[in-house]
Amino acid sequence: MTPPMWFSEAGAHDTGQAADLFCLPYAGGGASVFRRWPASFIPDVRVLPVQLPGRETRIAEPPEFDAATVAAAIADRVDRPFALFGHSLGGRLAFEVVREFRRTGAPLPSAVYVSGCRPPDVRVDGPFDKLSRLDDAELLDRVVEGGGVSAEVRAEPELLDLLLPTLRADFAWLDDYVYQSESPLPVRITAFAGQADRAAAPDAMAGWARHTTAGFALHPLAGGHFFLHDQIPRIASVIRADLRTLTHAGGR
């Protein structure tokens, strides 16, 4: 059987970049969420979007995943200094992937970038919580209202048939998530927060500082929960400068 294609290489040509950035999408998203990112990271960083099962090029697969499997796929791909970026669900997943690296003795990233994602030990219901408990119509209404799915897609039954299983699996992963206390990560964490984000406001995102012993920075940016689409140059500038410093200093 052909092994699953975990990473999108579109626009991510290897030109000797100093570091790789593995990018994890929000609920329902695939690797194409980051299709415009590579150009903003040249020449320092190669962007490698992670293609989770059940979406886009892996649409024929069941959409469920776990952090251990994602961590193993990334660890197998690592061949230079690297970092993780995750937005919303992707931020929570990135955190658990790094904890899995630590448990298994895999190389740790130089940094973790969490975006639009409350700290894992904070359980306060927001606009994207408990969606997996709703029926299909209510789930879609909430996601459209929050900006995660366009009204145009909402009106296309064929697209919804493909998207709903992935959305439901992703929100189930979030809703079933139970934080297990461990020592803070020896990895720098940088958080990006939308100033108008009702799901993960900047003051809530500041709590990520509790989960690292290697330094923390918070960057509030204009926009709501999906600010990452409008703030690519700013996010890229921060990450490129950060990784230049970290990789030249020898990593972590």
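Author: Rings of Phe, Tyr and Trp (its six-membered ring) pair if their centres lie within 6.5 Å; planes under 30 degrees apart count as stacked, over 60 as edge-to-face and the rest as tilted. This is a predicted model, in which local features need pLDDT of at least 70, side-chain atom pairs count only at pLDDT 80 or more, and totals for chains, interfaces and linings use all residues. Residues are numbered from 1 along each chain as its sequence is written, and side-chain values use heavy atoms, with hydrogens and water left out.

Reader: How many aromatic pairs does a search of the whole structure find?

Author: The search covers the whole structure. Its count of aromatic pairs is 13.

Reader: Which kind of aromatic pair do Tyr-26 and Phe-226 form?

Author: The ring centres of Tyr-26 and Phe-226 are 4.9 Å apart, with 80 degrees between the planes. Planes over 60 degrees apart fall in one named class, so the pair is edge-to-face.

Reader: Are Tyr-26 and Phe-226 buried or exposed?

Author: Buried means under 20% relative accessible area, exposed over 50%, and partly exposed in between (1.4 Å probe, protein chains only). By this rule, both Tyr-26 and Phe-226 are buried.

Reader: Why do the rings of Trp-37 and Phe-41 count as stacked?

Author: Their centres are 5.6 Å apart. The pair is stacked because its planes stand at 15 degrees.

Reader: Which residues form one aromatic cluster with Trp-37 and Phe-41?

Author: Trp-37 and Phe-41 both belong to one aromatic cluster.
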